[in-house]
Amino acid sequence: MMFIHLSLLYTLFLLLANRFRFKNTQLDLNKWTEQETDISWNALLRNINPPGAIRGFVAASPSTYYPDYFYTWTRDAALVMRVVVENYNEEVKRLLHDYVAAEIYHQVTPTRCNCLGEPKFNADGSGYDGSWGRPQNDGPASRAITMMLLAKKSPEHYVKKTLVTPIYRDLDYTVDVWSTPCFDLFEESEGLHSYTLLVMRRALVDGALFASQQGDSGRAATYAQVSEKIYARLEDFWERDHISVTQEHTGGLYKPSGLDVSVLLGVNQAGLPPFTPGSDKVLATAHALEQAFETLYHINKAHPDQLGTAIGRYPEDTYNGYESGREGNPWFLATAGMAELYYRAALEWESDQSNVIVNDINSGFFGRLLAQEPEKIMGTTFQYGTPEFNMLINKMADAADRFMATIQYHQRINGSLSEQFNRYTGFEEGARDLTWSYASFITATKARGGHPAQ
Ligand SMILES: *[C@@H]1O[C@H](CO)[C@@H](O)[C@H](O)[C@H]1NC(C)=O
């Protein structure tokens, strides 16, 4: 009885706290994204080579307790350093070289997995050897993508002497394991994951070009062949109205909804045709996800008009940033990822100069965007260059900006981004200064400015 009263009181408190919460002084979105990009960049750099760790260590977060995220995850580090590669200059070159050296060390360090899919490493460079969801095979593929992007900006001697070996190691590994179940990027579910396959495919497509530039036609041919197989496998992930998160589930968490924002993150990071942000099935997936989170999170039920839907990882999520078996929350990197997808989709249509046609796959998405019944707009064509097409592009930008405004609204007053924000109160939860949150904010902003990350 007492318990019921207390939980009722607590809920009431949360609702009131949300209603009257102290609001960030709302800067105009243009000014704010500019300011927040600087804050994000500096916060991201602070998490590289922090005190007490080997050089090249990229902390997932400075938080060492509740939760302890003071490790280098292969995936997080690759995604973060990819942002640093995008901003390549003499100053950050040293950080990138430190990162590469640390990753080469990780590749040859004996680990519990004894494979390149070992997910995380301690601050002293050794593999984490507690029980964990391993292997996670998106990591090596992401790392190869980052190193190949770095290769494009590096002098020939550094590429040949330092980068070629670790890149081939990760790509050869990807060739070997792509069809074997592994743990997903959120470390809970074992099977074949669309996110992992999207990233692997991109790594091998880039890898084929890289290898042929290096004069290794054997590897180039193998990478190209396997990338085609992965593409064919990815086609099977379409399920009625969304691209499914996992197939061949072999263990760990099972997600009955099949929905997961990782599909969209994979498309942003690594989407090659036909899995591009502006493609029908991807838009359908974005719509299905938004629909799920709209009703799931209290803060989405009554938010100010200028805000968008707060997006989480997947509807079944029970990780609250500290422990599992609780209520999951929206994430900054998921909400930023949704914004990035919209910005990228609009850029894609503009640069393709293609007509956008409402059909039975994407009609839910466009119905939401245009506030129309999907059936009523079926068959509508937005012809490139017409006012209707431009209106559509503007609607996309506005919708994307609303996701960004959601981040603005829920971030800390000093611009800091943790991992999650509370589904009732909107206040930050989970690991503070999550490096990946900052990276995802920066890539969303780049897409907003018309220059999406490569
Ligand atoms: C903002 O403040 C929090 C709490 O004091 C701190 O942990 C965080 O690092 C700060 N963020 C930035 C970007 O300075």
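The model is predicted, so local features need pLDDT of at least 70 and side-chain atom pairs count only at pLDDT 80 or more, while totals for chains, interfaces and linings use all residues. Residues are numbered from 1 along each chain as its sequence is written, and side-chain values use heavy atoms, with hydrogens and water left out.

Start with helix 4, residues 90–108. Helices here are DSSP runs of H or I with at least four residues, strands are runs of E with at least two, and both are numbered from the N terminus. Helix 4 has 19 residues and reaches 28 Å from its first C-alpha to its last. That is close to the 27 Å expected at 1.5 Å a residue; the expected span is 1.5 Å times one less than the number of residues. At the start of the helix, a side-chain oxygen of Asn-89 comes to within 2.8 Å of the backbone nitrogen of Glu-91.

Which residues of helix 4 are buried? Among them are Val-92, Leu-95, Leu-96, Tyr-99 and Val-100. Asp-98, Glu-103 and His-106 are also on the list. Buried means under 20% relative accessible area, exposed means over 50%, and partly exposed lies in between (1.4 Å probe, protein chains only). An α-helix has 3.6 residues a turn, so residues three or four places apart point the same way. The buried residues of helix 4 pack against helix 2 (29–46), strand 1 (72–73), helix 3 (74–86), strand 2 (120–121), helix 5 (138–153) and helix 6 (156–177). Contact means heavy atoms within 4.5 Å.

The loop between helix 4 and strand 2 holds both Asn-114 and Pro-119. Asn-114 has a positive phi of about 55 degrees, although it is not a glycine. Its relative accessibility is 61%, so Asn-114 counts as exposed. Pro-119 is buried, at 4% relative accessible area. Leaving aside neighbours within four places in sequence, Pro-119 is in contact with residues including Thr-72, Trp-73, Trp-132 and Glu-187. Pro-119 and Asn-137 are 18 residues apart in sequence, and their C-alpha atoms are 8.2 Å apart in space.

Another loop joins helix 2 and strand 1, and Asn-49 lies in it. Phi of Asn-49 is positive, near 55 degrees. Asn-49 counts as partly exposed because its relative accessibility is 23%. Pro-67 lies in this loop too. The peptide bond from Tyr-66 to Pro-67 is cis, with omega near 5 degrees. A cis bond also runs from Pro-273 to Pro-274, with omega near 0 degrees. Pro-274 sits in the loop between helix 9 (262–270) and helix 10 (280–296). Most residues other than glycine have a negative phi, and most peptide bonds are trans.

Helix 10 contains Glu-290. Is this residue, Glu-290, buried or exposed? Glu-290 is buried, because its relative accessible area is 6%. Its side chain makes polar contacts with the side chains of Tyr-342, at 3.4 Å, and Arg-368, at 3.3 Å. A polar contact is a pair of N or O atoms within 3.5 Å; within protein, one must be able to donate a hydrogen and the other to accept it, and residues adjacent in sequence count only if both atoms are side-chain atoms. Not counting residues up to four places away in sequence, Glu-290 also touches Thr-309, Ile-311, Met-338 and Phe-403.

Helix 7 spans residues 194–213. Its end C-alpha atoms are 29 Å apart, which agrees with the 28 Å that its 20 residues should span. Of those 20 residues, 15 are buried, so helix 7 is largely enclosed by the rest of the structure. Gly-215 follows helix 7 with a positive phi, near 80 degrees.

Ala-444 is in helix 15, residues 435–448. Ala-444 is buried, with a relative accessible area of 0%. Leaving aside neighbours within four places in sequence, Ala-444 is in contact with Ala-336, Glu-340, Tyr-343 and Met-404. Ala-444 and Thr-33 are 411 residues apart along the chain, yet their C-alpha atoms are separated by 9.7 Å.

The residues around it are Ile-39, Arg-46, Arg-412, Asn-414, Ser-416, Arg-432 and Asp-433, each with a heavy atom within 4 Å of it. A ligand oxygen is 2.3 Å from an N or O atom in the side chain of Asn-414. A ligand oxygen is also 2.8 Å from an N or O atom in the side chain of Asp-433. The protein covers 60% of the 360 Å² of accessible area that the ligand has on its own, by the Shrake-Rupley method with a 1.4 Å probe.
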